[in-house]
Amino acid sequence: MCQLLGMNCNIPTDILFSFEGFHRRGGLTDQHADGFGIAFFEGAGCRLFIDDQPSAHSPVAELIRRYPIKSKNVIAHIRKATQGRIALENTHPFHRELWGRYWIFAHNGNLENFAPPQGQYYRPVGDTDSEAAFCLLLEQLRQQFDQLPPLPVLTQAIYALAAQIRQHGVFNFMLSNGDALFTHCSTHLHYLVRQAPFSTAHLIDNDVNIDFAEVTTPNDRVAVIATLPLTDNEAWTAHPKDTVLVFRDGSPLEG
């Protein structure tokens, strides 16, 4: 299946270190070679880069590796196709507008016998189960709320919808509107929070180290979420299964 990478921060931060390891899993250190994408929120805007080539060999990925885009919320995805052909329209992350904000979604898993009715406002462009699930999520949220609800209410609604959809199979996903990052785990997700006192991290997929104490301030806080840990000398926490976590300002919220 696919792999996910997310980042949520209290100040705009680049994702170069994590992406250096993650992009190699798309056709070099792992077999997720059916395309990749990454989305960066910047204020009300969103930069979205996708390619149907493997991320380990993609010129678009090379651009991302050299371009220190700073963002408070980032979602990336490397694809191993289970449903839908290899094409740009089937490449994650997917994006739509809801309540006057961009929403970004990426999925790792496989939903079987999943054929939601055609939505009034949101319809898939491609032919993946992932985009169909995203459209169903937004369609149901738009029908439930006329405007962006308080975060606890929104979180509970997302959890209830995720519980319905995961009955069809594996439904690991990341979802963000640029304010918070929502994650749901069916099988595998892990996260860590980097904050002072910072230390050195070493990538699993490449022999690269970084001393975060040299490139951060004492006030920085960054949460990194990935399908599988990206470093071998940091304490990653397994995401509880069948739950939704909300990351805001660089840490998971309680509740």
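**View 1. Aromatic pairs in the predicted model.** A search of the whole structure finds ten aromatic pairs in this predicted model. One of them joins Phe17 and Phe212 in an edge-to-face arrangement, with 5.6 Å from centre to centre and 90° between the planes. Phe17 belongs to helix α1 (residues 16–22), whereas Phe212 lies in the loop between β11 (209–211) and β12 (221–226), so the pair ties together parts that are 195 residues apart in sequence. Both Phe17 and Phe212 are buried.

**View 2. The pair formed by Phe105 and Phe171.** The ring centres of Phe105 and Phe171 are 6.4 Å apart and their planes meet at 40°, so this pair is tilted. Phe105 is in strand β6 and Phe171 in strand β7, so that distant parts of the chain, 66 residues apart, are linked. Phe105 counts as buried because its relative accessibility is 0%; Phe171, also at 0%, counts as buried. Together with Phe134 and Phe173, Phe105 and Phe171 form one aromatic cluster.

**View 3. An open sheet of six strands.** The strands follow the order β5-β6-β7-β8-β14-β15, and their pairing is antiparallel. At the edges stand β5 (94–98) and β15 (251–252); each has a single partner strand, so one side of each is left without a neighbour in the sheet. Strands β8 (residues 181–185) and β14 (residues 243–248) pair over five bridges, and Thr243 in β14 is the bridge partner of Cys185. Helix α4 (residues 151–165) packs on the sheet and touches β6 (101–111), β7 (169–176), β8 and β14. The direction of helix α4 makes about 145° with that of β14.

**View 4. A charge over a ring.** The charged end of Arg142 sits over the ring of Tyr121, 3.5 Å from the centre of that ring.

How values were computed
Residues numbered from 1 in each chain as written. Predicted model: local features only at pLDDT ≥ 70, side-chain atom pairs only at ≥ 80, totals over all residues. Heavy atoms only, no water. Pairing = 2+ DSSP bridges. Helix = DSSP H or I, 4+ residues; strand = E, 2+ residues; numbered from the N terminus. Contact = heavy atoms within 4.5 Å. Axes fitted to C-alpha atoms, helices over the stretch in contact; angles between N-to-C directions. Phe/Tyr/Trp six-rings, centres within 6.5 Å; stacked < 30°, edge-to-face > 60°. Buried < 20%, exposed > 50% of the residue type's maximum accessible area, 1.4 Å probe, protein only. Lys NZ or Arg CZ within 6 Å of the ring centre and 35° of its normal.
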